[in-house]
Amino acid sequence: MLELNKLTTEARNPGTAGLDTMTPLEIATVMNREDEQVVAGVRKVLPEVAAAIGWVQESFEAGGKLVYMGAGTSGRLGVLDSVECPPTFGVPPEMVVGLIAGGDRAFVKAVEGAEDSEALALEELKALPLNGRDVVIGIAASGRTPYVIGGLQYARSLGCKTVAIACNAGSLVGNAADLAIEPVVGPEVLTGSTRLKAGTAQKMILNMISTGAMVGIGKVYQNLMVDVMQTNEKLRVRARNIVTEATGCSDKQACWLLEAAGGNAKTAIVMELLNCTAKEAEQNLKRAHGHIRKCL
């Protein structure tokens, strides 16, 4: 039998024992107070997060991919981060992959027993397929999810770098990975509901890893998302704004640059800053491995 009561994420929070008697303002206040522990908990594991960022950047530079694995809320957070990468950074969807126990349908409805299957993890990873250039990040608030453990063990057997994110120290998933990131954020406001503080901590860490790695491979100039995909009117306006912010040119000039650059904001920026043609800008970017700052 699982001894969940020994896990921090399953412990009762003495500060919220009267949760069912609180007013809406009291509930919001106590939850806000408890969320302060999330920031503090994540701060303590920043060196491990930085190591993960470096591994993922190296993987991308070598033509590898980032794979998130998790069940329930943890799996959904991985999928959420993965699907945001293509529009934000202009990368192909297979570069950052989110796997959730039970498949895509588990994103909106729980699939019973999926998180307990190590075999399911192996099947999904083999279907990708994985190779030694990839990084696999297992996400499990409790730190004991068999689906995640099985996936990490298989990934390590192929030579992949593996990272575990859990909210209990000394977790089983941490032991199964090359690197353990274990922010301890204290018992949940609602006992065992790890979609709360634990989920927030995981989301913060995933934000850091994917964003940091994308910065490292040149997807960002200054603090601008220069490889943003223009898939709707809002993003087309954002691209123009990015070009004007990065170069100081007028909106009219930004429109001309983007048209000449085939809609590529990064190329348009280099054209303006180096006073060159689109083709020359593309050649400069290729030599600089996509980093605008290295072109200048």
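**Notebook: loops, sheet and a helix pair**

I started with Asn275, which is in the loop between α10 and α11 (278-287). Helices here are DSSP runs of H or I with at least four residues, strands are runs of E with at least two, and both are numbered from the N terminus. Asn275 has a positive phi of about 50°, though it is not a glycine.

A note on the source: this is a predicted model, where local features need pLDDT of at least 70 and side-chain atom pairs count only at pLDDT 80 or more, while totals for chains, interfaces and linings use all residues. Residues are numbered from 1 along each chain as its sequence is written, and side-chain values use heavy atoms, with hydrogens and water left out.

Next loop: I looked up Pro129, which is placed between α4 (118-127) and β3. The peptide bond from Leu128 to Pro129 is cis, with omega about -10°.

Then the sheet. I get 5 strands in an open sheet, in the order β2-β1-β3-β4-β5, with parallel pairing; two strands pair if DSSP finds at least two bridges between them. β2 (96-100) and β5 (179-181) are at the edges with a single partner strand each, so one side of each has no neighbour in the sheet. From one strand to the next the twist averages 20°.

Helix α3 (residues 72-89) lies across β1, β2 and β3, at about 155° to β2. Contact here means heavy atoms within 4.5 Å; axes are lines fitted to C-alpha atoms, for helices over the stretch in contact, and angles run from 0 to 180 degrees between N-to-C directions.

I also looked at the ring of Trp55: the charged end of Lys161 sits over it, 4.9 Å from its centre. The rule asks for NZ of Lys or CZ of Arg within 6 Å of the ring centre and within 35 degrees of the ring normal.

Last, the helix pair. The axes of α9 (residues 251-260) and α10 (residues 265-274) come within 8 Å and cross at roughly 115°. From α9, Gln253, Trp256, Leu257, Leu258 and Ala260 meet Ala265, Ala268, Met271 and Glu272 of α10. By class, that contact has 7 nonpolar, 1 polar and 1 charged residues, counting Ala, Val, Leu, Ile, Met, Phe, Trp, Tyr, Cys and Pro as nonpolar, Asp, Glu, Lys and Arg as charged, and the others, Gly among them, as polar.
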